[in-house]
Amino acid sequence: MNRIFATGSTLLRSSFPKLLKTPHNKMVSLEQVVENNKHSQEIIESLKSELTAIRGELIKRKKLELIAENAQLQKQVELAKAQLIALEIKNGKKQIAVPGARNLCTDATKTNVAPVAEVAAAAGTSEAKQKPQKEKKPKKEKPAAADNKEAVAAELPIDVRRLDLRVGKIVEVGRHPDADSLYLEKIDCGEAQPRTVVSGLVKFVPLEEMQNRMVVVMCNLKPAKMRGITSEAMVMCASTPEKVEVLSPPAGAVPGDLVHCEGYPRTPDAQMNPKKKIFETCAPDLKTNDDLVACFKGAALHVPGKGNVVAQSLKNVQVK
């Protein structure tokens, strides 16, 4: 800019003497006015040229600064990408190469970043030292007998014969620690260990009536967690929305006695598949009759040689 003002001052100084030499008392001739005007135009054009040159130089200088700054930012981005990939590989995240994508660190000397392959190898080596890989165990094949049982069960009709109903005895009972409406019971079903059973009977049966009580239990439901505790069976009851009674096995029955139903040879599944909804299909036909006997489609549930399974007072209601 100083150069522009210097040039302008020089040009003006060279033109002013011509104007000053004109006598004060005489009119400036038309030719002198035209000449002075032409000279002024030349000065203006010269100033414009100088401004254009300076502007171009400033733009060029700024462009170079931006290019250098962009290159520095690009290096930082490449470094961050390489570090991210190394961390992902170290944490077990699989990297998939994208066809046609350029290597993030093709020039380690320019970016001051170790190539990704080297970083990945280092991370993999460190991970291998920390956690040795476990050998995969071969899958155990199902015994042929189990396959045959499943095939036979699949061919059987869905009815009460598929339910594993047994006599049990409640040897221990208390409130569920995380649910006020549930009992937590230990029931002896004639097996090596009592089964853990969760029942929603708190509102219907007093605790003292549950202790040491003989019951009928369905033993082949798939175990399910109820408020954090796995229930391994279900206590069978005669039920209405207002009242629930625990079914009683016949006098003389002992834990482990099997419950049968006339006309339906007992062939229970080892464990019922919830997707097949076997119990849900049978449930509408499980009811008490006029004599309080629990039945399936009118056929009594009984322990052979000992008697029928009964409710205390509920007639013609669902059993579940």
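Reader: Which side chain makes a polar contact with the side chain of Arg 166 at 2.9 Å?

Author: The side chain of Glu 191 does, at 2.9 Å. This is a predicted model. Arg 166 also has a polar contact, side chain to side chain, with Asp 164 at 2.7 Å.

Reader: Where is the place of Arg 166?

Author: Arg 166 lies in strand S1, which covers residues 165-176.

Reader: Buried or exposed, what does Arg 166 count as?

Author: Arg 166 counts as buried because its relative accessibility is 16%, and the cut-off for buried is under 20%.

Reader: Leaving aside neighbours within four places in sequence, what is Arg 166 in contact with?

Author: Among them are Cys 189, Glu 191 and Arg 195, then Val 215, Val 216, Val 217 and Cys 219. The list also includes Asp 257, Leu 258, Val 259 and Arg 266.

Reader: Back to Glu 191. In what do the side chains of Glu 191 and Arg 166 meet?

Author: They meet in a salt bridge, 2.9 Å from N to O. That pair links distant parts of the chain: Glu 191 is in the loop between S2 and S3, Arg 166 is in strand S1, and 25 residues separate them.

Reader: How exposed is Glu 191?

Author: Glu 191 is partly exposed, at 31% relative accessible area. Its side chain also forms a salt bridge with that of Arg 195, at 2.8 Å N to O. Arg 195 is buried, with a relative accessible area of 14%.

Reader: Which residues do salt bridges that share partners join into one network?

Author: The network takes in Asp 164, Arg 166, Glu 191, Arg 195 and Arg 266.

Reader: What is the count of salt bridges?

Author: The count comes to ten. One of them is between Asp 159 and Arg 161, whose closest N and O atoms are 2.9 Å apart.

Reader: Are Asp 159 and Arg 161 buried or exposed?

Author: Asp 159 counts as buried at 7% relative accessibility. Arg 161 counts as buried too, at 16%.

Reader: Change of topic, the sheet. In what order do the five strands come?

Author: The order is S3-S2-S1-S4-S7. The sheet is open and its pairing is antiparallel.

Reader: Which are the edge strands?

Author: Strand S3 (195-199) and strand S7 (234-235) are the edges, and each pairs on one side only.

Reader: Over how many bridges do S2 and S3 pair?

Author: Strand S2, residues 179-188, pairs with S3 over five bridges in the antiparallel sense. In one of these strands, S3, Arg 195 is the bridge partner of Ile 187. Arg 195 also has its side chain in the salt bridge with Glu 191.

Reader: Now the surface. Which residues make the nonpolar patch of about 290 Å²?

Author: Leu 30, Val 33 and Val 34 make that patch.

Reader: Where is the place of Val 34?

Author: Val 34 is in helix H2, residues 30-90.

Reader: And why does Val 34 count as exposed?

Author: Val 34 counts as exposed because its relative accessibility is 51%, and the cut-off for exposed is over 50%.

Terms used: Residues numbered from 1 in each chain as written. Predicted model: local features only at pLDDT ≥ 70, side-chain atom pairs only at ≥ 80, totals over all residues. Heavy atoms only, no water. Pairing = 2+ DSSP bridges. Helix = DSSP H or I, 4+ residues; strand = E, 2+ residues; numbered from the N terminus. Buried < 20%, exposed > 50% of the residue type's maximum accessible area, 1.4 Å probe, protein only. Polar contact = N/O pair within 3.5 Å; in protein donor to acceptor, adjacent residues only side chain to side chain. Contact = heavy atoms within 4.5 Å. Patch = residues over 30% accessible without salt bridge, like charges linked within 9 Å, V, L, I, M, F, W, Y side chains within 5 Å. Areas by Shrake-Rupley, 256 points an atom, 1.4 Å probe, with all protein chains shown as cover. Salt bridge = Lys/Arg side-chain N within 4 Å of Asp/Glu carboxyl O.
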